[in-house]
Amino acid sequence: MTELSPDNLRRVRDLLPWYVNGTLATEQHAEVEAMLAQSQDLRAEAEWLAAVRDQLKQKNDAQADGQREAGAEQAGLQTLLGLVRAEKKKQPALMPGRARPGFGERLSQWLGGWMQPVFMVAACLVVVQAVVIGTLLHRAGENGITPAGAGTSTAAGPLLQVVFHETATEAALRAALTGAGVEIVAGPGQLGVYTVRAAPDRADAAMVALRQNPAVESVSRVVP
Amino acid sequence: MTDTAKTPADPAATLEAELAVLLRRMVAGDESALTVLHARLNRRIYAFALRRLSDPDLAEEVVVETLYETWRHAGRFEGRSKVSTWVLGIAHHKAMDKLRANGTRQYEDLGEEAEQIADPAPDTYTRIAQRQQGEQIRACMDTLPDEQREALLLVFYEDMTLGEVAVVQSCPENTVKTRLFHARRKMRECLERQTR
(Lines give C-alpha, C1' and ligand atoms only; values in the text may rest on other atoms or scores of the structure.)
Protein backbone atom coordinates (compact mmCIF):
# COMPACT_ATOMS: atom_id res chain seq x y z
CA MET A 1 0.00 0.00 0.00
CA THR A 2 1.27 3.51 -0.84
CA GLU A 3 2.46 5.42 2.21
CA LEU A 4 0.44 8.53 3.11
CA SER A 5 3.46 10.86 2.97
CA PRO A 6 3.24 14.53 1.88
CA ASP A 7 5.12 13.71 -1.34
CA ASN A 8 2.81 10.85 -2.18
CA LEU A 9 -0.21 12.93 -1.33
CA ARG A 10 0.93 15.72 -3.64
CA ARG A 11 1.70 13.28 -6.47
CA VAL A 12 -1.66 11.57 -6.16
CA ARG A 13 -3.48 14.87 -5.77
CA ASP A 14 -1.94 15.94 -9.11
CA LEU A 15 -3.48 12.85 -10.70
CA LEU A 16 -6.97 13.39 -9.32
CA PRO A 17 -8.35 15.23 -12.40
CA TRP A 18 -7.48 12.22 -14.56
CA TYR A 19 -8.80 9.81 -11.95
CA VAL A 20 -12.08 11.71 -12.12
CA ASN A 21 -12.26 11.69 -15.94
CA GLY A 22 -11.38 8.00 -16.03
CA THR A 23 -8.28 8.16 -18.23
CA LEU A 24 -5.63 6.97 -15.77
CA ALA A 25 -3.72 3.84 -16.63
CA THR A 26 -4.67 0.81 -14.53
CA GLU A 27 -1.67 0.99 -12.19
CA GLN A 28 -2.10 4.66 -11.44
CA HIS A 29 -5.82 4.24 -10.97
CA ALA A 30 -5.17 1.57 -8.36
CA GLU A 31 -2.60 3.76 -6.63
CA VAL A 32 -5.03 6.67 -6.41
CA GLU A 33 -7.76 4.40 -5.08
CA ALA A 34 -5.44 3.12 -2.39
CA MET A 35 -4.63 6.65 -1.28
CA LEU A 36 -8.30 7.67 -1.36
CA ALA A 37 -9.06 4.82 0.98
CA GLN A 38 -6.63 6.31 3.48
CA SER A 39 -7.47 10.01 3.22
CA GLN A 40 -10.84 11.62 3.88
CA ASP A 41 -9.57 14.99 2.55
CA LEU A 42 -8.46 13.41 -0.70
CA ARG A 43 -11.82 11.69 -1.10
CA ALA A 44 -13.63 14.99 -0.51
CA GLU A 45 -11.46 16.70 -3.12
CA ALA A 46 -12.08 13.93 -5.65
CA GLU A 47 -15.83 14.17 -5.08
CA TRP A 48 -15.71 17.94 -5.49
CA LEU A 49 -13.79 17.61 -8.74
CA ALA A 50 -16.30 15.06 -10.00
CA ALA A 51 -19.12 17.52 -9.20
CA VAL A 52 -17.31 20.32 -11.04
CA ARG A 53 -16.82 18.05 -14.02
CA ASP A 54 -20.49 17.07 -14.14
CA GLN A 55 -21.65 20.67 -13.97
CA LEU A 56 -19.11 21.81 -16.56
CA LYS A 57 -20.28 19.19 -19.02
CA GLN A 58 -23.92 20.18 -18.57
CA LYS A 59 -23.13 23.87 -18.87
CA ASN A 60 -20.93 23.58 -21.93
CA ASP A 61 -23.20 21.27 -23.89
CA ALA A 62 -26.08 23.67 -23.40
CA GLN A 63 -23.93 26.71 -24.12
CA ALA A 64 -22.44 25.40 -27.36
CA ASP A 65 -25.76 24.15 -28.73
CA GLY A 66 -27.70 27.23 -27.72
CA GLN A 67 -25.34 29.86 -29.12
CA ARG A 68 -24.81 28.47 -32.58
CA GLU A 69 -26.87 30.09 -35.27
CA ALA A 70 -28.95 27.89 -37.54
CA GLY A 71 -27.11 27.29 -40.78
CA ALA A 72 -23.75 28.34 -39.35
CA GLU A 73 -22.38 24.83 -39.73
CA GLN A 74 -23.22 24.70 -43.44
CA ALA A 75 -22.00 28.25 -44.01
CA GLY A 76 -18.72 27.35 -42.36
CA LEU A 77 -18.30 24.35 -44.62
CA GLN A 78 -18.92 26.48 -47.70
CA THR A 79 -16.35 29.02 -46.55
CA LEU A 80 -13.87 26.24 -45.90
CA LEU A 81 -14.35 24.68 -49.33
CA GLY A 82 -14.10 28.12 -50.91
CA LEU A 83 -10.71 28.63 -49.27
CA VAL A 84 -9.52 25.23 -50.44
CA ARG A 85 -10.62 25.85 -54.02
CA ALA A 86 -9.10 29.32 -54.08
CA GLU A 87 -5.82 27.84 -52.93
CA LYS A 88 -5.98 25.14 -55.57
CA LYS A 89 -6.46 27.80 -58.27
CA LYS A 90 -3.59 29.81 -56.89
CA GLN A 91 -1.18 26.92 -56.53
CA PRO A 92 -2.32 24.05 -58.73
CA ALA A 93 0.93 22.19 -58.24
CA LEU A 94 0.90 22.40 -54.46
CA MET A 95 -1.10 19.50 -53.13
CA PRO A 96 -2.36 19.72 -49.57
CA GLY A 97 -0.43 17.94 -46.94
CA ARG A 98 2.69 17.52 -48.96
CA ALA A 99 5.42 17.00 -46.42
CA ARG A 100 7.74 19.79 -47.43
CA PRO A 101 7.31 22.23 -50.32
CA GLY A 102 10.35 23.13 -52.37
CA PHE A 103 12.44 26.21 -51.75
CA GLY A 104 10.80 28.10 -54.61
CA GLU A 105 7.32 27.44 -53.24
CA ARG A 106 8.30 28.38 -49.71
CA LEU A 107 9.92 31.58 -51.00
CA SER A 108 6.81 32.33 -53.00
CA GLN A 109 4.59 31.76 -49.95
CA TRP A 110 6.86 33.94 -47.84
CA LEU A 111 6.81 36.71 -50.43
CA GLY A 112 3.05 36.43 -50.81
CA GLY A 113 2.47 36.45 -47.11
CA TRP A 114 4.84 39.07 -45.88
CA MET A 115 5.93 41.50 -48.54
CA GLN A 116 3.91 44.65 -48.91
CA PRO A 117 2.69 45.52 -52.43
CA VAL A 118 5.11 48.44 -52.73
CA PHE A 119 8.03 46.10 -52.14
CA MET A 120 6.65 43.67 -54.67
CA VAL A 121 6.57 46.46 -57.29
CA ALA A 122 10.09 47.50 -56.38
CA ALA A 123 11.27 43.92 -56.65
CA CYS A 124 9.67 43.61 -60.10
CA LEU A 125 11.42 46.76 -61.26
CA VAL A 126 14.75 45.48 -60.04
CA VAL A 127 14.19 42.23 -61.91
CA VAL A 128 13.21 44.09 -65.10
CA GLN A 129 16.24 46.30 -64.89
CA ALA A 130 18.54 43.39 -64.18
CA VAL A 131 17.22 41.50 -67.20
CA VAL A 132 17.61 44.49 -69.48
CA ILE A 133 21.12 45.20 -68.27
CA GLY A 134 21.94 41.54 -68.52
CA THR A 135 20.65 41.48 -72.09
CA LEU A 136 22.79 44.46 -73.01
CA LEU A 137 25.87 42.95 -71.46
CA HIS A 138 25.15 39.67 -73.18
CA ARG A 139 24.94 41.38 -76.54
CA ALA A 140 28.14 43.20 -75.87
CA GLY A 141 29.78 39.95 -74.98
CA GLU A 142 28.55 38.25 -78.12
CA ASN A 143 29.54 40.99 -80.54
CA GLY A 144 32.57 42.30 -78.82
CA ILE A 145 31.24 45.81 -79.30
CA THR A 146 28.99 48.22 -77.46
CA PRO A 147 25.29 47.45 -77.76
CA ALA A 148 24.30 50.78 -79.29
CA GLY A 149 22.43 49.22 -82.12
CA ALA A 150 25.55 48.23 -83.95
CA GLY A 151 25.00 45.72 -86.70
CA THR A 152 21.22 46.10 -86.69
CA SER A 153 18.86 47.64 -89.16
CA THR A 154 18.17 50.48 -86.74
CA ALA A 155 21.76 51.62 -86.63
CA ALA A 156 21.14 54.95 -88.31
CA GLY A 157 17.52 55.49 -87.22
CA PRO A 158 16.02 58.13 -84.92
CA LEU A 159 16.11 57.83 -81.14
CA LEU A 160 12.99 57.60 -78.98
CA GLN A 161 12.57 57.85 -75.23
CA VAL A 162 10.19 55.36 -73.67
CA VAL A 163 8.86 55.14 -70.12
CA PHE A 164 7.12 51.94 -69.02
CA HIS A 165 4.50 51.60 -66.34
CA GLU A 166 5.94 50.62 -62.95
CA THR A 167 4.03 47.38 -62.99
CA ALA A 168 5.23 46.30 -66.44
CA THR A 169 6.94 42.96 -66.40
CA GLU A 170 10.10 42.10 -68.23
CA ALA A 171 8.07 40.03 -70.70
CA ALA A 172 5.71 42.93 -71.41
CA LEU A 173 8.63 45.27 -71.87
CA ARG A 174 10.33 42.90 -74.28
CA ALA A 175 7.10 42.39 -76.25
CA ALA A 176 6.54 46.14 -76.55
CA LEU A 177 10.04 46.81 -77.86
CA THR A 178 10.19 43.96 -80.32
CA GLY A 179 6.63 44.64 -81.48
CA ALA A 180 7.58 48.22 -82.30
CA GLY A 181 10.79 47.13 -84.03
CA VAL A 182 13.09 49.18 -81.81
CA GLU A 183 16.26 48.37 -79.91
CA ILE A 184 17.48 49.68 -76.59
CA VAL A 185 20.53 51.87 -76.82
CA ALA A 186 20.52 53.28 -73.29
CA GLY A 187 18.68 53.10 -70.04
CA PRO A 188 16.86 52.69 -67.94
CA GLY A 189 18.01 55.88 -66.28
CA GLN A 190 17.24 56.89 -62.74
CA LEU A 191 13.77 57.98 -63.80
CA GLY A 192 13.17 54.73 -65.67
CA VAL A 193 13.61 56.23 -69.15
CA TYR A 194 14.78 53.92 -71.92
CA THR A 195 16.36 55.32 -75.04
CA VAL A 196 15.58 53.18 -78.06
CA ARG A 197 16.40 53.42 -81.73
CA ALA A 198 13.93 52.80 -84.50
CA ALA A 199 14.71 51.92 -88.12
CA PRO A 200 15.12 55.09 -90.27
CA ASP A 201 11.78 54.71 -92.05
CA ARG A 202 9.85 53.24 -89.09
CA ALA A 203 10.06 55.96 -86.45
CA ASP A 204 6.45 57.13 -86.70
CA ALA A 205 5.08 53.60 -86.84
CA ALA A 206 7.24 52.62 -83.87
CA MET A 207 5.93 55.55 -81.83
CA VAL A 208 2.32 54.60 -82.64
CA ALA A 209 2.94 50.98 -81.74
CA LEU A 210 4.58 51.90 -78.46
CA ARG A 211 1.88 54.39 -77.49
CA GLN A 212 -0.79 51.76 -78.08
CA ASN A 213 1.00 49.26 -75.89
CA PRO A 214 -0.55 49.05 -72.39
CA ALA A 215 2.86 48.55 -70.81
CA VAL A 216 4.06 51.91 -72.08
CA GLU A 217 3.44 55.09 -70.16
CA SER A 218 4.94 57.61 -72.59
CA VAL A 219 6.96 57.87 -75.79
CA SER A 220 8.80 60.88 -77.22
CA ARG A 221 11.23 61.48 -79.99
CA VAL A 222 14.75 62.62 -79.11
CA VAL A 223 15.48 65.85 -80.93
CA PRO A 224 19.05 65.77 -82.30
CA MET B 1 1.67 7.51 -18.83
CA THR B 2 -2.00 8.07 -18.37
CA ASP B 3 -3.26 6.77 -21.69
CA THR B 4 -5.91 4.16 -21.39
CA ALA B 5 -5.81 1.28 -23.82
CA LYS B 6 -8.69 1.48 -26.28
CA THR B 7 -10.32 -1.56 -27.82
CA PRO B 8 -11.32 -1.56 -31.50
CA ALA B 9 -14.99 -1.65 -30.48
CA ASP B 10 -14.67 1.61 -28.59
CA PRO B 11 -16.69 4.27 -30.50
CA ALA B 12 -14.01 6.87 -29.79
CA ALA B 13 -11.32 4.57 -31.21
CA THR B 14 -13.48 3.85 -34.26
CA LEU B 15 -13.90 7.58 -34.84
CA GLU B 16 -10.16 8.14 -34.54
CA ALA B 17 -9.49 5.38 -37.08
CA GLU B 18 -11.95 7.02 -39.47
CA LEU B 19 -10.34 10.42 -38.95
CA ALA B 20 -6.92 8.96 -39.76
CA VAL B 21 -8.26 7.59 -43.06
CA LEU B 22 -9.83 10.95 -43.87
CA LEU B 23 -6.54 12.67 -43.22
CA ARG B 24 -4.75 10.36 -45.65
CA ARG B 25 -7.37 11.08 -48.30
CA MET B 26 -6.92 14.79 -47.71
CA VAL B 27 -3.19 14.46 -48.31
CA ALA B 28 -4.14 13.16 -51.76
CA GLY B 29 -6.32 16.24 -52.32
CA ASP B 30 -9.72 14.61 -51.73
CA GLU B 31 -12.15 17.43 -50.90
CA SER B 32 -14.93 15.02 -49.97
CA ALA B 33 -12.73 13.76 -47.13
CA LEU B 34 -12.52 17.31 -45.83
CA THR B 35 -16.29 17.58 -45.96
CA VAL B 36 -16.63 14.43 -43.85
CA LEU B 37 -13.95 15.61 -41.44
CA HIS B 38 -15.87 18.84 -41.06
CA ALA B 39 -19.04 16.88 -40.28
CA ARG B 40 -17.21 14.81 -37.65
CA LEU B 41 -15.31 17.58 -35.88
CA ASN B 42 -16.87 20.97 -36.50
CA ARG B 43 -19.18 20.89 -33.47
CA ARG B 44 -16.39 19.79 -31.19
CA ILE B 45 -14.06 22.50 -32.45
CA TYR B 46 -16.84 25.07 -32.18
CA ALA B 47 -17.61 24.14 -28.57
CA PHE B 48 -13.89 24.07 -27.79
CA ALA B 49 -13.39 27.56 -29.26
CA LEU B 50 -16.55 29.00 -27.76
CA ARG B 51 -15.44 28.00 -24.28
CA ARG B 52 -12.22 29.91 -24.76
CA LEU B 53 -13.48 32.94 -26.62
CA SER B 54 -17.08 33.33 -25.40
CA ASP B 55 -17.86 34.75 -28.82
CA PRO B 56 -19.91 32.68 -31.30
CA ASP B 57 -18.61 34.54 -34.36
CA LEU B 58 -14.99 34.11 -33.40
CA ALA B 59 -15.66 30.47 -32.57
CA GLU B 60 -17.05 29.96 -36.10
CA GLU B 61 -13.89 31.54 -37.50
CA VAL B 62 -11.77 29.16 -35.46
CA VAL B 63 -13.68 26.19 -36.91
CA VAL B 64 -12.98 27.27 -40.48
CA GLU B 65 -9.38 28.29 -39.85
CA THR B 66 -8.63 25.09 -37.97
CA LEU B 67 -10.01 22.78 -40.62
CA TYR B 68 -8.37 24.78 -43.40
CA GLU B 69 -5.06 24.44 -41.58
CA THR B 70 -5.74 20.73 -41.15
CA TRP B 71 -6.34 20.41 -44.89
CA ARG B 72 -3.16 22.26 -45.78
CA HIS B 73 -0.95 20.36 -43.37
CA ALA B 74 -2.61 16.95 -43.27
CA GLY B 75 0.65 15.39 -44.42
CA ARG B 76 2.40 16.61 -41.30
CA PHE B 77 0.35 14.43 -38.97
CA GLU B 78 2.81 11.86 -37.65
CA GLY B 79 0.44 9.63 -35.74
CA ARG B 80 1.98 10.38 -32.37
CA SER B 81 -1.39 11.44 -30.98
CA LYS B 82 -5.03 11.00 -31.87
CA VAL B 83 -6.12 12.92 -34.95
CA SER B 84 -8.73 14.78 -32.89
CA THR B 85 -6.08 15.79 -30.35
CA TRP B 86 -3.87 17.09 -33.15
CA VAL B 87 -6.75 19.05 -34.67
CA LEU B 88 -7.73 20.53 -31.31
CA GLY B 89 -4.09 21.53 -30.89
CA ILE B 90 -4.46 23.60 -34.07
CA ALA B 91 -7.71 25.04 -32.72
CA HIS B 92 -5.93 25.92 -29.48
CA HIS B 93 -3.39 28.04 -31.37
CA LYS B 94 -6.10 29.69 -33.47
CA ALA B 95 -8.10 30.59 -30.38
CA MET B 96 -5.05 31.93 -28.59
CA ASP B 97 -4.21 34.04 -31.64
CA LYS B 98 -7.66 35.59 -31.46
CA LEU B 99 -7.36 36.28 -27.76
CA ARG B 100 -4.03 37.97 -28.40
CA ALA B 101 -5.47 39.97 -31.30
CA ASN B 102 -8.34 41.15 -29.11
CA GLY B 103 -6.00 42.00 -26.29
CA THR B 104 -8.17 39.91 -24.00
CA ARG B 105 -5.78 37.12 -23.28
CA GLN B 106 -5.31 36.47 -19.56
CA TYR B 107 -1.77 35.32 -18.93
CA GLU B 108 -0.87 32.95 -16.16
CA ASP B 109 1.88 33.17 -13.62
CA LEU B 110 3.18 29.70 -12.90
CA GLY B 111 5.77 31.10 -10.56
CA GLU B 112 3.20 31.32 -7.82
CA GLU B 113 4.39 29.86 -4.58
CA ALA B 114 2.43 26.70 -4.51
CA GLU B 115 4.18 25.27 -1.51
CA GLN B 116 3.06 28.12 0.72
CA ILE B 117 -0.59 27.68 -0.02
CA ALA B 118 -2.45 26.50 3.04
CA ASP B 119 -4.70 23.46 2.85
CA PRO B 120 -8.39 24.29 2.94
CA ALA B 121 -10.29 23.88 6.16
CA PRO B 122 -11.87 20.47 6.82
CA ASP B 123 -15.18 19.95 5.01
CA THR B 124 -14.46 22.81 2.59
CA TYR B 125 -14.70 20.55 -0.47
CA THR B 126 -17.84 18.87 0.79
CA ARG B 127 -19.53 22.17 1.53
CA ILE B 128 -18.63 23.68 -1.84
CA ALA B 129 -19.70 20.55 -3.72
CA GLN B 130 -23.10 20.67 -2.09
CA ARG B 131 -23.72 24.37 -2.76
CA GLN B 132 -21.97 25.19 -6.04
CA GLN B 133 -24.12 25.80 -9.09
CA GLY B 134 -23.43 25.94 -12.78
CA GLU B 135 -23.43 29.73 -12.98
CA GLN B 136 -20.97 30.01 -10.12
CA ILE B 137 -18.64 27.53 -11.75
CA ARG B 138 -18.86 29.51 -14.98
CA ALA B 139 -18.09 32.77 -13.23
CA CYS B 140 -15.11 31.26 -11.45
CA MET B 141 -13.83 29.65 -14.64
CA ASP B 142 -13.83 33.06 -16.28
CA THR B 143 -11.40 34.36 -13.67
CA LEU B 144 -8.74 31.79 -14.58
CA PRO B 145 -5.84 32.59 -16.90
CA ASP B 146 -6.56 31.21 -20.38
CA GLU B 147 -4.11 28.31 -20.28
CA GLN B 148 -5.37 27.13 -16.89
CA ARG B 149 -9.01 27.38 -17.90
CA GLU B 150 -8.25 25.51 -21.09
CA ALA B 151 -6.38 22.75 -19.26
CA LEU B 152 -9.29 22.30 -16.88
CA LEU B 153 -11.75 22.11 -19.76
CA LEU B 154 -9.64 19.68 -21.73
CA VAL B 155 -9.60 17.32 -18.76
CA PHE B 156 -13.14 17.74 -17.51
CA TYR B 157 -15.00 18.45 -20.70
CA GLU B 158 -12.95 16.72 -23.41
CA ASP B 159 -11.92 13.94 -21.01
CA MET B 160 -8.36 14.05 -22.32
CA THR B 161 -5.44 12.19 -20.83
CA LEU B 162 -2.53 14.10 -19.35
CA GLY B 163 -0.47 13.39 -22.48
CA GLU B 164 -3.22 14.62 -24.78
CA VAL B 165 -3.58 17.90 -22.92
CA ALA B 166 0.18 18.37 -23.22
CA VAL B 167 -0.07 17.83 -27.00
CA VAL B 168 -2.91 20.32 -27.40
CA GLN B 169 -1.21 22.93 -25.24
CA SER B 170 2.25 22.25 -26.72
CA CYS B 171 3.89 21.96 -23.32
CA PRO B 172 5.44 19.33 -21.01
CA GLU B 173 3.13 17.15 -18.93
CA ASN B 174 4.47 18.70 -15.71
CA THR B 175 3.34 22.12 -16.93
CA VAL B 176 -0.15 20.73 -17.42
CA LYS B 177 -0.11 19.36 -13.86
CA THR B 178 1.02 22.73 -12.55
CA ARG B 179 -1.69 24.52 -14.50
CA LEU B 180 -4.30 22.16 -13.10
CA PHE B 181 -2.95 22.60 -9.59
CA HIS B 182 -3.34 26.37 -9.76
CA ALA B 183 -6.66 26.18 -11.59
CA ARG B 184 -8.14 23.91 -8.93
CA ARG B 185 -6.90 26.09 -6.11
CA LYS B 186 -8.33 29.24 -7.69
CA MET B 187 -11.61 27.51 -8.45
CA ARG B 188 -11.87 26.29 -4.89
CA GLU B 189 -11.14 29.74 -3.45
CA CYS B 190 -13.55 31.41 -5.85
CA LEU B 191 -16.34 28.94 -5.16
CA GLU B 192 -15.73 29.25 -1.43
CA ARG B 193 -16.47 32.96 -1.74
CA GLN B 194 -19.42 32.39 -4.05
CA THR B 195 -21.07 29.80 -1.82
CA ARG B 196 -20.68 31.54 1.52
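Visitor: In which helix of chain A is the place of A:L210?
Guide: This is a predicted model. In it, A:L210 has its place in chain A, and the helix is α8.

Visitor: Is A:L210 buried or exposed?
Guide: Count the other C-beta atoms within 10 Å of A:L210: there are 23. A residue needs 20 or more to qualify as buried. A:L210 is therefore buried.

Visitor: What distance separates the C-alpha atoms of A:L210 and A:T178?
Guide: Along the chain, A:L210 and A:T178 are 32 residues apart.

Visitor: Are α7(A) and α8(A) roughly parallel or roughly antiparallel?
Guide: Helix α7 spans residues 170-180 of chain A, and helix α8 spans residues 203-212. Their axes lie 8 Å apart, at an angle of about 155°. Angles over 145 degrees count as roughly antiparallel. So α7(A) is, relative to α8(A), roughly antiparallel.

Visitor: Is the crossing of α7(A) and α8(A) left-handed or right-handed, and which classes of residue form the contact?
Guide: The crossing of α7(A) and α8(A) is right-handed. A:A176, A:G179 and A:A180 on α7(A) meet A:A206, A:A209 and A:L210 on α8(A). By class, this contact has no charged residues, one polar and five nonpolar.

Visitor: How many helices and strands does chain B have?
Guide: Read from the N terminus, the elements of chain B run α-α-α-α-α-α-α-α-α. The count for chain B is zero strands and nine helices.

Visitor: Which helix gives the largest share of the side of chain B that touches chain A?
Guide: The contact draws 39 residues from chain A and 45 from chain B. Several helices of chain B supply at least two residues each, among them α1 (11-27), α2 (31-53) and α9 (173-194). The largest share is nine residues, and the helix supplying them is α2(B).

Visitor: How many nonpolar residues are on the side of chain B that touches chain A?
Guide: That side of chain B has eight charged and 12 polar residues. Its nonpolar residues number 25.

Visitor: Where does B:S54 lie, and is it buried or partly exposed?
Guide: B:S54 is not a glycine, although its phi is positive, at about 55°. B:S54 sits in the loop between α2 and α3 of chain B. It has 14 C-beta neighbours inside 10 Å, so B:S54 counts as partly exposed.

Visitor: Is B:S170 buried or exposed?
Guide: B:S170 also has a positive phi of about 55° without being a glycine. Its loop runs between α8 (162-169) and α9 of chain B. Within 10 Å of B:S170 there are 11 other C-beta atoms. The cut-off is 12 or fewer, so B:S170 is exposed.

Notes: Residues numbered from 1 in each chain as written. Chains lettered and ligands numbered in written order. Predicted model: local features only at pLDDT ≥ 70, side-chain atom pairs only at ≥ 80, totals over all residues. Helix = DSSP H or I, 4+ residues; strand = E, 2+ residues; numbered from the N terminus. Contact = placed C-beta atoms within 7 Å. Nonpolar A, V, L, I, M, F, W, Y, C, P; charged D, E, K, R; others polar. Axes fitted to C-alpha atoms, helices over the stretch in contact; angles between N-to-C directions. Parallel < 35°, antiparallel > 145°, perpendicular 65-115°, else oblique. Left-handed = near helix turned anticlockwise from the far one by under 90°.
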